[in-house]
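Biologist: Before we discuss this model, I would like each term tied to its cut-off. Please go through it that way.

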Amino acid sequence: FCFYSSREKFKPEMLRGKRVIVTGASAGIGEQMAYHLARMGAHVLVTARTEAKLQQVVERCRALGAGSARLVSGSMEDTATTQQLVEVAEAELGGLDMLILNHVGKSYFNYFDGDVGHVQKLLDINFLSYVAMTVSALPMLKRSGGSIVVVSSMAGKVGFPFTVPYSATKFALDGFFSSLRQEFSIQSVNVSITLCILGFIDTENAVRAASDVLLISPAPKEECALEIIKGGALRQREVYYRYASTKLPLLLRDWAAELLDLLVRQRYRAERLRAA
Ligand SMILES: NC(=O)C1=CN([C@@H]2O[C@H](COP(=O)(O)OP(=O)(O)OC[C@H]3O[C@@H](n4cnc5c(N)ncnc54)[C@H](OP(=O)(O)O)[C@@H]3O)[C@@H](O)[C@H]2O)C=CC1
Ligand SMILES: CC(C)CCC[C@@H](C)[C@H]1CC[C@H]2[C@@H]3C(=O)C=C4C[C@@H](O)CC[C@]4(C)[C@H]3CC[C@]12C
């Protein structure tokens, strides 16, 4: 009874007029999320480093019917970017309903090379900037009873080979945001936190990096983007996409970890990695 009665149905109208920040929106899943939000009539504020690409995304969002569309360009390593995003949301949108944290810094798909500096840099971009954005946007989200959506990965729940620095940053997100969700619950803070556990998705960067090595076909970024938005709008604690290839393998994780590790390794053709 509890299971079914708590399942509200998603309707695109849920996003109409909502004010949403999407990070990493110049490409891949973030770009597709911006288009879905635009079709639903949301006010979208997109961000990434490449201003020219963001300009095109904003134009397409307007054509698709967005309530409004704006951009802030800059690196998430830079606190000035987070500050500017929050200022634009406050001054031009009058607040914020949903913060979608999606960007990731460039890494390599190969054996860990021992570069500690790269791990540090990736933690700054993939983890610390998520924390900083959350802290800066929280007053607005508390006012609106809004939502934080954190895009993570199966690699943030299970150790996969060839993504050592990346995986560390994604595990960190789970620790931070799952702990924070508990505190919000204790303090009755009406801000939802949705952690998204994604499998292999067909974005340009991911396919280029990994498709040769992986014996898994990537899932479509358009559908992935929609499932993330749905989960955020319904205030779900976690989103699994695709469900069968993420949620089901996780059933093995705590009870048959060695078996899961073995099944994972069988899906990699390590001999095809380009020499590091
Ligand atoms: N694709 C996949 O197979 C999977 C993806 N995911 C997750 O989904 C999310 C999106 O992935 P995907 O769409 O593939 O990623 P992409 O590589 O396609 O896009 C990454 C985005 O982040 C931006 N970005 C990169 N570096 C910075 C920076 N320093 N500051 C600000 N923005 C930056 C890029 O724009 P710009 O270069 O202009 O700054 C771009 O818009 C990520 O969180 C990823 O971990 C999870 C599981 C699998
Ligand atoms: C065998 C099953 C239990 C499921 C396995 C799923 C595996 C294969 C999935 C889950 C998470 C995926 C990685 C990811 O999160 C993000 C990126 C960044 C991108 O730029 C390059 C591709 C990469 C490394 C993905 C590669 C494929 C991974 C490991």
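**Terms and values**

Modeller: I start with H103, which sits in the loop between β4 (98-101) and α5 (116-144). Helices (H or I, at least four residues) and strands (E, at least two) are DSSP runs, numbered from the N terminus. This is a predicted model, in which local features need pLDDT of at least 70, side-chain atom pairs count only at pLDDT 80 or more, and totals for chains, interfaces and linings use all residues. Residues are numbered from 1 along each chain as its sequence is written, chains are lettered from A and ligands numbered from 1 in the order in which they are written, and side-chain values use heavy atoms, with hydrogens and water left out.

Biologist: Why is H103 called buried?

Modeller: Buried means under 20% relative accessible area, exposed over 50%, and partly exposed in between (1.4 Å probe, protein chains only). H103 has 7% relative accessibility, so H103 counts as buried.

Biologist: What makes the pairing of H103 with T23 a polar contact?

Modeller: A polar contact is a pair of N or O atoms within 3.5 Å; within protein, one must be able to donate a hydrogen and the other to accept it, and residues adjacent in sequence count only if both atoms are side-chain atoms. The side chains of H103 and T23 make such a contact at 2.8 Å. Another, also side chain to side chain, joins H103 and S129 at 2.8 Å.

Biologist: Which residues does H103 touch, not counting those up to four places away in sequence?

Modeller: They are T23, G24, M76, I125, N126, S129 and Y130, where contact means heavy atoms within 4.5 Å.

Biologist: Why is S68 called buried?

Modeller: S68 has 16% relative accessibility, so S68 counts as buried. S68 belongs to strand β3 (residues 68-73), and its side chain makes a polar contact of 2.8 Å with that of H43. Leaving aside neighbours within four places in sequence, S68 is in contact with A42, H43, V44 and L93.

Biologist: How much of ligand 1 does the protein bury?

Modeller: The protein buries 91% of the 890 Å² that ligand 1 exposes when taken alone. Accessible areas come from the Shrake-Rupley method with a 1.4 Å probe; for residues, only the protein chains shown count as cover.

Biologist: Which residues are closest to ligand 2?

Modeller: The closest are S153, T163, Y166, L214 and Y268, out of 15 that surround ligand 2. A polar side-chain atom of S153 lies 2.6 Å from an oxygen atom of ligand 2, and a side-chain N or O atom of Y166 is 2.8 Å from an oxygen atom of ligand 2. The protein covers 84% of the 610 Å² of accessible area that ligand 2 has on its own.

Biologist: How is the shell around ligand 2 divided by class?

Modeller: It has 11 nonpolar, 3 polar and 1 charged residues. Ala, Val, Leu, Ile, Met, Phe, Trp, Tyr, Cys and Pro count as nonpolar, Asp, Glu, Lys and Arg as charged, and the others, Gly among them, as polar.

Biologist: What makes the protein as compact as a globular protein of its length?

Modeller: The protein has 10 helices and 7 strands. Its radius of gyration is 18 Å, close to the 19 Å that the globule rule gives for 276 residues, so the protein is as compact as a globular protein of that length. The radius is taken over C-alpha atoms, and the rule is 2.2 Å times the number of residues to the power 0.38.

Technical notes: Near = heavy atom within 4 Å.
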